[in-house]
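Have it open while you go through the points.

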Amino acid sequence: MINYILSILLIFLISPFLTGLIKSFKMYMLFKKPLSPFQPYIDFMKLIKKEVIYSKEASIISRISPFLILAPIIVVVFLLPPIYKGSYYISFMDAFTITGLLSLSTFFLMLLGLDSASSFGGIGSSREAFISALVEPAMILTIFAVSLMAKSIGLGSAAINLATHFPTHHAASFILAGIAFFILLIAENGRIPVDNPETHLELTMVHEAMILDTTGANLALIETAGALKFGVFATLFATLFLPFGANLCWCLAVTVFILKLILISLVVGWIEINTAKLRLFKVPNLLGIAMIFGFLSLVTFYIVGV
Amino acid sequence: MFSFNPLSVLFLFLILLGVIPNLFYMSGYLNHIKRKTHFLINYFTFIISMIGVVLSNEVLVFLFFWELMSLTSWQLILTEAKEENVKAARFYFFMTHFGFVFILLFFLLLSGDSLFSDFESFKQTANNFKYPSLLFFLITIGFLSKAGVVPLHVWLPYAHPAAPSPVSALMSGVMLKVAIYAFLKFLFIFNHWPIEWGVIILVLGALSALVGVLYALSEHDIKALLANHSVENIGIILIAFGVAMIFMTLNMPTLSAFAFIAGVYHTFNHMSFKALLFMSAGSVLYETHTKNIEKYGGLIKNMPITAFMFLIAAISISALPPTNGFLSEWMIFQSMLSSSGIDNLALKLSFPFAIFALALTGGLAIACFVKAFGITFLGLHRSTNAKHAKEVNRLMQIGQILMSVVVISLMLFFPFIIKLINSSLPIENIYSKLFPTIWTMHSISNNGAVSPIYLLGALIIVSALILIYYKSLKIKERIYHTWACGYNTNVKSQYSATGFAGPIRRFFAWLYKPEIHTQTQTLAGHKTKFSTSMYEVHVKPLFEKSLYDGVKKLINLITLFVYRLSHFEKERYIVLIFNLIILVLFSFRVFYHEISWGNILLEMVVMAIFIKILIIGDKK
């Protein structure tokens, strides 16, 4: 139990670092003077001291949605698979619940965008609705494929099954599902080919547009939710699609896990440097690739047989 | 005459759950209606007829109540006799009787010599019937056209919004479920379902789900939007039934029972949240006097209770945890995941497509309800009517609150609901497998598990902890203008429903086919290079355009032909009769002996020659 709480704490604490790391890695690669990767923590401490400004058009939704955006993601963190062997995990919730909770968070984020009557919020919500509607099928298909390979839809037991008996004869469908999931990781967290988290240009904004009218502590909560969401996806990728290292002793396992998270962040950063943001109507093509890979993964799994 | 068998009692329970909050709501709504006696008589007859359909156990009684249900709902659509309502009512009247013909045929084939034979005797007749697929098609078309399944759904988005809101809530919430009940009841009289039946139902379900949600997204009339969502949810229910039928045929009774429970549970859930949505939308309509979603906006400040009820129902229908809508969709996903145990590879490979359809439907439903809630209740008031809206009267509020209690209790007490459903259907008892403890539901295979109560508890605790932390920060608050990058926010600049659905509408342009009118501008009678184009966003449903208008054209052609025939000379008539006799003879052979495609082909060629030579004659 204590292991469980410690690993949850680890994910809570490391998530803002990962988003900070991506940013400083990108700046470093672009020959800028990099920010400290710990900048998100500094931002958080700064934001919670500021006063909160509500728009005069805003309703109660603006006041409650920061909580409802953050709360489902925090619950998801508690449902993640174990980082190392023997650690406790929650077995009475499965992968569908996790996608559902992430959608719940997005639902309130989109309402928040529409609440302040600003056209930017509307732009953001509309685009987010479009993207997340197309993410959903790819996500479900990938989850199906993984759960078939791991012989369990519960994430905890799936990760353990993959780590202990890796299905070598399903390697092809495993890789396909992995690629699909990585595209989803990028799309769901608003990283570059789908959304640019750094600019405030009308043409490129999705996530930033929705929270344009949020300030102070509310913004801190939403930023935390964003960072945690990245942490959740990175953890899922690390435990399900890079299923090694979990059987080592706990100190080594945790080190390997952190290295995997850093690796994922660096890859995401690397992709961000090397690609341009896609036009909104090109995004379905990218998500289409994820869907097709999800399909292919299932099909190869069925054809290869058990 | 009547029987209280478990299935009937289950659906009686559903009807009562849907009707009781509606009574309160209706009494609040009543002063909005001009022809009160006409409305009340039809309203109560409508409710009684639905109960009658569910409880009846004889052919004639069933048909009587079924027809009464159709006629009273038809009259209820006509409560406000506006031009478009009359049109909708006519369409509804036609479609419901189109379905009725098939139901009648089904009963005539099975009832033997007495119209008072009860449904128990159907079992034997049905299972001895030579072409059970014919019976299946009759009940599919007959009952599912009433339930609004693609492609027989076109009447639904016209008819349901045209009725007064309490009636829309009843029609979408309860009447469609009566059709589902009838379909289920007569499905279970067969001992064996061929595999194709399940596949057909699965395909119909997947199509309805996608088509329903896509048309809902492009809709601006809030009640038509909700009506299109009924098509979607009926599709989801049918996906579950299709999966269940496939599993049953493949001899996996446990999985089949799971999928059937999922479908019936979704039937309950859809009743609750769709009725609540129609009530809330009706309250908005009651205050603002318009159904156009672009004329709302900012209503959460004027009508907080209505807005909150709409939000609960919207979260539930979008299948977000921990609501009841999520639970039933979770069960359907789990049962589809169990398809990996099927031996037949081709069948197994077709399941991912159904999963894809259901998941895409879920994603689009979220988008649609963000639009419906966000544009209606958030932002600035888009019209003076919306500005002057007040919270609706107490009775209507009570109706909505009672219905939301139904929504929430379907979530909180779901083990009991599922136990009730399981014991009412003629399927294997799997309750103890699903609920080893009462708190968590387990799926049959794959180690899936979900626990809405834990989830709800966790969400509440986490939110409360964040709130306590937030309060401890003692943050100052200020209210100021919306930051719009230097511009003022006004009604025109905030996002509209059309704009919100824009990306999705553009991506699915092949389905919507919006009309583009381009006009070249003229200057003093001369053409210029400049052109203005007008995009007509109102999308006519593809099915209506292709299928229904096509049928209309075909019927016109045939009637024209018949009209021309009736002006022929005597010899042609004789020839016509001769041809008909041949047709009857041939079809007699086909129906009562073994079918041989060679014979049919030959006969068709003979018929064609006769028609060519004798009726049409040689060209001059």
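1. N251(B) sits in the loop between α10 (222-249) and α11 of chain B (helices are DSSP runs of H or I with at least four residues, strands are runs of E with at least two, and both are numbered from the N terminus). Its phi is positive, about 65°, although N251(B) is not a glycine. N251(B) counts as exposed because it has 7 C-beta neighbours inside 10 Å; the cut-offs are 20 or more other C-beta atoms within 10 Å for buried, 12 or fewer for exposed and anything in between for partly exposed, with C-beta atoms placed from the backbone.

2. Before going on, some bookkeeping: this is a predicted model, so local features need pLDDT of at least 70 and side-chain atom pairs count only at pLDDT 80 or more, while totals for chains, interfaces and linings use all residues. Residues are numbered from 1 along each chain as its sequence is written, and chains are lettered from A and ligands numbered from 1 in the order in which they are written.

3. Have a look at K474(B) as well, in the loop between α20 and β3 of chain B. Its phi is near 50°, again a positive value in a residue other than glycine. K474(B) is exposed, as 6 other C-beta atoms lie within 10 Å.

4. Two cis peptide bonds are worth checking by eye. One joins V150(B) and P151(B), with omega about 5°, and P151(B) is in the loop between α6 (132-147) and α7 (156-162) of chain B. Another joins P321(B) and P322(B), with omega about 0°; P322(B) belongs to the loop between α13 (304-317) and α14 of chain B.

5. Now for chain B as a whole. Its secondary structure comes to 26 helices and five strands, and its C-alpha atoms fill a box of roughly 95 × 85 × 55 Å along the principal axes. Of the 620 residues, 49% count as buried. Among contacts between residues at least 6 apart in sequence, 78% join residues at least 24 apart, a contact being two residues whose C-beta atoms, placed from the backbone, lie within 7 Å.

6. Which residues touch the most other members of the largest nonpolar core? They are F237(A), M50(B) and I239(B), in a core of 312 residues (a set of buried Ala, Val, Leu, Ile, Met, Phe, Trp, Tyr and Cys residues joined through C-beta atoms within 7 Å). Helix α11 (residues 253-288) of chain B gives the most to this core, 21 residues. Domain 1 and domain 2 of chain B each supply at least three residues to this core. Not counting residues up to four places away in sequence, M50(B) touches I15(B), M69(B), V174(B), M175(B) and V178(B).

7. M279(B) is in helix α11 of chain B. Buried or exposed? M279(B) is buried, because 35 other C-beta atoms lie within 10 Å. Leaving aside neighbours within four places in sequence, its contacts are Y25(B), S165(B), A169(B), G399(B), Q400(B) and M403(B).

8. On to the interface, where 68 residues of chain B are in contact with 71 residues of chain A. The largest share of the chain B side, 16 residues, comes from α15(B). That side divides into 43 nonpolar, 19 polar and six charged residues (Ala, Val, Leu, Ile, Met, Phe, Trp, Tyr, Cys and Pro count as nonpolar, Asp, Glu, Lys and Arg as charged, and the others, Gly among them, as polar).

9. Strand β1 (residues 52-55) of chain A and β3(B) run parallel, joined by four bridges; strands pair if DSSP finds at least two bridges between them. V52(A) stands opposite E477(B), and S55(A) stands opposite Y480(B). V52(A) and Y54(A) point one way from β1(A), I53(A) and S55(A) point the other way, and all are buried.

Technical notes. Domains from an automatic or database assignment.
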